[in-house]
Amino acid sequence: MTASVIPLLKPTRLLYVMIALPVVGILAFTTLRPIQVLPRITLAPGFSLVDQNGARLTNEDLRGRIVLYNFTYANCGGACPQTSAVMRALQNRLGEIDAGEIPVALVTISFDPERDTPERLRAYATQVGADATRWRIATGDATRLKYALGGGFNLYYAPNPDDTFTFDPLFVLVDGWGIVRAYYKTATPATDRLLRDLRLIVDEARNSAGAARYAYEAAHVFLCSPP
Amino acid sequence: MIQVHQYEKWWIGLSIAVLAVISITVGVAGFMLGVQVPVPEALVNPNTVAQSGNFSNPGVRQLAPKKYEVYVRAEANPWKFRPDKIEIPVGSTVTFYVTSADVQHGFKLEGTNINVQVLPGQVSKMTATFNQPGTYDFVCTEYCGVGHQNMFGTLTVK
């Protein structure tokens, strides 16, 4: 009965509507891009490290936090690519994104565990102006580091005979689920860019509850990522 | 009501079915089998790519045991891939970053699904895992000048 009362539910029209709806939805998503998300690139690796206060730091401890990683070593000086200034600039501006229930953490991982004892890392933390509640600096067993950093984060680093390291500057943004959302293969990514990306993850984590979740999933499927 | 011949109805049905099959195939390939088209990994300046950055010193780098990355610079005059000899241990996963310092080249690695255009100013990225020892040839697949036929190299897996 109802099928004949409501014109749209006549079998042939229903078929047209069923075909048209997804097509319109796909077109709307791919052209208008109503929601922007950072792509889910891959799973971040697992690790177990020791931080500047001698405390254990694992990837599981960082679940539920958005983490920006950088990689260096405490004796990095001279021609060595410096990435700590970007971390400190970001640390000073984290207040701009209200991330109350979704905290943001900064983690620097040293790939020089032989020299970077917790004391040395503490001195380095003071030197770069790290706020211990937000920014942790850690290192761990050399072999496992190679698997976690080289294998997991795709970071290239290799020791030189003169006790320095050759490495490619790299920042990695990992969300609260432990999924890599962005790589920045430069020593000087723009702080505004990092903040924008952090804000996108915070917004997604905050808004993708209930039915809105499907809109966010559609944004992932249709690759609605900012340039 | 327009009269449509029975054969024409069949043909219309067949055309719709072909479209549906193609759509489903693309969907399955993209979302379930993970088939990916090569996307530009990064932009570089082709005029300075030979002087600075990872492409100025192209070659194999180990990221972790059995995980490698290779930077390849394609060049015309002399027509050459740098490096043109690559050696990796069996079982390795290798990510190739390829760019051109001058004109358009191609990079096809036999025995894998790596076959990518190499454009000046753009870095192409492809990954393959090598579980079989042997010699894999790679060649330039775009006609890039009078020395095009000299553009080849070998990847040895042992």
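Reader: How many residues does the contact take from chain A and from chain B?

Author: This is a predicted model, in which local features need pLDDT of at least 70 and side-chain atom pairs count only at pLDDT 80 or more, while totals for chains, interfaces and linings use all residues. Residues are numbered from 1 along each chain as its sequence is written, and chains are lettered from A and ligands numbered from 1 in the order in which they are written. Two residues are in contact if their C-beta atoms, placed from the backbone, lie within 7 Å. The contact takes 6 residues from chain A and 5 residues from chain B.

Reader: Into which classes do the residues on the side of chain A that touches chain B divide?

Author: Ala, Val, Leu, Ile, Met, Phe, Trp, Tyr, Cys and Pro count as nonpolar, Asp, Glu, Lys and Arg as charged, and the others, Gly among them, as polar. The residues on this side of chain A divide into 2 nonpolar, 3 polar and 1 charged.

Reader: What box do the C-alpha atoms of chain B fill?

Author: The box is taken along the principal axes. Its dimensions are roughly 70 × 35 × 25 Å.

Reader: What distance separates the centres of domain 1 and domain 2 of chain A?

Author: Domain bounds come from an automatic or database domain assignment, which gives domain 1 (2-32) and domain 2 (42-221) in chain A. Taken over C-alpha atoms, the centres are separated by 46 Å.
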